[in-house]
Amino acid sequence: MDFTIAEELASVQQLAQQILNDFSDVEQLKAFDGEHVRFDSKLWEALAEAGLLGLDIPEPQGGTDLGFFALTALCEEVGRTAAPAPVVPVLVSAAGTLRRFGSDALKEQWLSAIAGGSIVTAALEEYGNEDPATPATSAKATEGGYAVSGTKICVSLADQAQRILLSANCDGQLIVALIDPKAAGVTLSPQLVTANELRHEIALDNVQVPAEDIVATGATAVDAMNWATQATRTALCASMLGLCDKMMRITGSYTSEREQFGRAIATFQSVSHRVADCYIDIECLRLVTQQAASLIDQGRPAEEAVTIAKIWCGDVAHRVSQASQHCHGGTGVDRDYPLFRYCLQARQIELSMGNSAQLTGQLGEEIAREFLAAS
Amino acid sequence: MNIELTAAQKALQTEVREYMKTVMTPELLEEMKDDDLKEGGGPEFRKQYARMGADGWIGLSWPKDLGGKELSHIEQYIFTDEVIRSGFAYPFLTTEAVAPVLAKNANDEVREEVVGGVKRGEVTIAIGYSEPNAGTDLASLRTKAERDGDDWVINGQKMWTSLANYADYVWLAARTDPDPDKKHKGLTMFLVPTDTPGYSCTPVRTLGARTNATYYEDVRISDKYRVGEINGGWKLITSQLNVERLSLFTHGQVHSLYESVAEWAAETKAPSGGKVIEQSWVQHNLARVKVGLEALKIMCWNQAWMMDQGPLDMAKASTAKVYGSEFFVELYRLLLECMGGAGSIAAHSPGAILQGKLEFRWRVGSILTFGGGTNEVQRDIIAMAGLWMPRTR
C-alpha cells in the first residue's frame, strides 16, 4: 500500500495550477457564463503548450503518457478554479476511450490532434439513460459504414468539436463511432444547463458514419463504453474534489472575516462545525476518488470502487455546496461573488452520469446478487 | 499511488485471522457471556492473552530492543484490525498506546516490570484520565499527587476507567502543580498498581459494557512509578492519542457485521415471499453501509501510512475520529433496520439475530462519539488545524 504522490505528478499539479489561475479570475470566468459555450480557447492553447492535454496520451502521439491518475489530478485542478476547460469530455471520455479502444489509424489521427488542442468530445447521455453501453440511439449497417439515428443530450462543446464520440445499438450489437457534427442529418440544439452554460442536444437522423470512423463494435464496444463510463465518473469525482475543496476554503476564509454580533462568525461553533463537516466529507471523497483513479490507472477492475466514489461525489457535493452557501448568507448566491459558480458546477456534476440514488440502488442490487449467489 | 495491501500484507492479514480463530476458544466464548467478562479479565482471557505473548504477537510495532518486530504502522493496523474483528478483548490501548510511551519514559525497573509484562501478555493497564468533572477537558482534572520523601501520595477520583476491574495498573494523570500558569502544565503521569492500599474500583453500568469509577485515597506509590518529568504529563498524554484513535475505528469488525447481516438477509425469507435481501429498502441500506465502509477502510490505511511517513496531521487524526465514530453509529442503525423489529432482541433471548451482536453494538456505539475526546472538540481542531479558522469559544 502506497499513498505517495509521485514527484512528477506533483509538478504537473503545480504547473496546472499556475496556468489555470492565470485564466480564472472572476472577470475572466464571467465572460463564459450563460449564453456562451464554456470554453476558453486561449486557456486550452496554454494547456496544450504546457503538455497538459497529453497526460494520458502516448508519447508517439505527442503526449507525455503519465496515465489516467495524472489526468484526474488535472481534472481536480480544473475543478478547483472552475476554469472553462472541458478536460472531462475531451481528455477522458473521448481521448481516453480512443486511446484504449480505437484503431491505430484513429489513434494516429486524433490523439496527437487532441494533445495539440483539437476538440473531440463525447456524447454519453440520453434522455432517461446515463449508460452509454445500452443506448436507445440506433445504427444500421450501410455500404461503407453505418447510419446512426437517435438523440444525445447535454453534450459539451458539440458545436466546436471536430468529432463526437458516441454509441449506438445496431441490431443488438453495440457500436462506438466518431460523428462529424457537420455531417448531414445532425441537428444541434442549444441547452442551457444548471452550470450556467450552453450544451447541446444532438439529434441524429440517418447520419452516415464511414467505416474508418468506427471506434469499436460488439464486445469491444461494450468494454469501451464501460471504460468510458467508469473513467468519466471518476474524472467527475476528481473535478468535484477540487470544486468542493475550494468551496470549503472560500467559506473558511469568509467566515473568519465576516463579523456579526461583534465577532467573526467562524468563532461560533455552529458555523465552524459545519465547515469542519465539509472537511471530513471532502477527505472521504478524496480517498474513494484516489482509489477509483488508481485502479483505472492500473487497468484493474474498478466498477464497484467507481460507483462508490460517484455516490460520495453526489452526497458531498450536495452537503458542501449547501453548507457553503448557507454560511455565506446572501453573499453565497450573489453572482458578483465567486461561490455561486462552484455551487452550480457541483450540481451539474452531481446530476451527470449517475446520481447517488440511482447508483445506490444499483450497488444494492449487486450486493444482493453477490450474497444470494453465495447463500 | 496504489491503495491495496501488498502480497506480504495480505499474508500477514490471513495469518493473524487464522491465528485468532485459535484464540477464540469455546471456553472463552462461554466466559464472555458474563457481562463483567465481556471486555476481558476472566481466566480463559488471561490464558489466551499470555499465549499471544508467548507466540510473539504482542508489540509487533515496538522497537527490537524491547522484543518487538519494528513493523510499520500499516502492519500494526492490519494486526489490530484482525484482532478486533475476531472479537477477542485484546487490550490494545495497553499494548499499542500506553506500553510504547512507558518504554520510552519509564525508569528501567518499571520498564522491565510493566513493559516486559505486557510483552508476555501478563499485564493489562487501564487509562485514568477522565474525572467526574473533567471529560475531554483534561487540563481541568483535579486528582492530585503530592511528594512525600521517596513516595507520592495520591488522592482523587477517576471516572470511566474502563478495564480497571481487572487491570494490573492504572495509567494515571494527576495534578502535581495546583497553580500552574497554564492548567495543562501541572500534570504528571503515574502507574498505580491496582493492589496498592487506598485504591478501589466500583462498576459503572452503561447502556452496553461495564466501565468503572476508581478511587484513590492516600494511595502511596514509590517515585519509580512516576513516568516522565514532573509536570510533564501533557506531552505523554497527547503523544499516544493518535495511535489510540487508529485502534478505535478499525474497519474489519464493522465490515464483518455488514457481511453477517447480508448473509442473514440472503438466507432469510421475507414476508412477501423471496428473501429479505431482495427487498429494495434492504438493498439500499446495505449499499449505504458499503459506501461508508469503503471510505473508512481507505481512511484507516491512509492514516496508518501517514503515521509511517511522520507525525500524523492533527486535523486528519480528528477527521478519522469523527467520521469513524459517527459512521459506526449510522452503520449499526442501517444494519439493524434490515432486521426489522427482531433487531431489538438481545443476546440469549429466543429469536436474537446473529447472537444479538448488533443489538449490543448499537448500545455501546454512542460511547465513541464522545469518548477519546468529544466530536465537537475534534471539529474545533479540524476548523483550526485544517482550515486555519479562528478559535471558537
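1. Over residues 126-214 of chain B, what percentage of the chain is helix and what percentage is strand? The chain is 0% helix and 47% strand there, with end C-alpha atoms 10 Å apart, where helices (H or I, at least four residues) and strands (E, at least two) are DSSP runs numbered from the N terminus. UniProt, in an unreviewed entry, lists these residues as "domain: Acyl-CoA oxidase/dehydrogenase middle"; such annotations may be inferred rather than shown by experiment.

2. This is a predicted model, in which local features need pLDDT of at least 70 and side-chain atom pairs count only at pLDDT 80 or more, while totals for chains, interfaces and linings use all residues. Residues are numbered from 1 along each chain as its sequence is written, chains are lettered from A in the order in which they are written, and side-chain values use heavy atoms, with hydrogens and water left out.

3. The UniProt record, again unreviewed, places "domain: Acyl-CoA dehydrogenase/oxidase N-terminal" at residues 6-122 of chain B, a span that is 64% helix and 0% strand, with its end C-alpha atoms 33 Å apart. For chain A, the unreviewed entry gives residues 224-366 as "domain: Acyl-CoA dehydrogenase/oxidase C-terminal", and this span is 79% helix and 3% strand.

4. The structure holds 4 cavities of 30 Å³ or more, a cavity being a set of points on a 1 Å grid over the protein atoms alone where a 1.4 Å probe fits but cannot get out.

5. In chain B, the axes of helix H11 (residues 314-339) and helix H14 (residues 375-386) come within 8 Å and cross at roughly 145°, the axes being lines fitted to C-alpha atoms over the stretch in contact and the angles running from 0 to 180 degrees between N-to-C directions.

Note on methods
On a 1 Å grid over the protein atoms alone, a cavity is a set of points where a 1.4 Å probe fits but cannot get out, and a pocket is an open set with protein on both sides within 12 Å along at least five of seven lines; lining residues have an atom within 4 Å of a point. Grid points are joined across faces, edges and corners, and a volume is the space filled by probe spheres set on the points.
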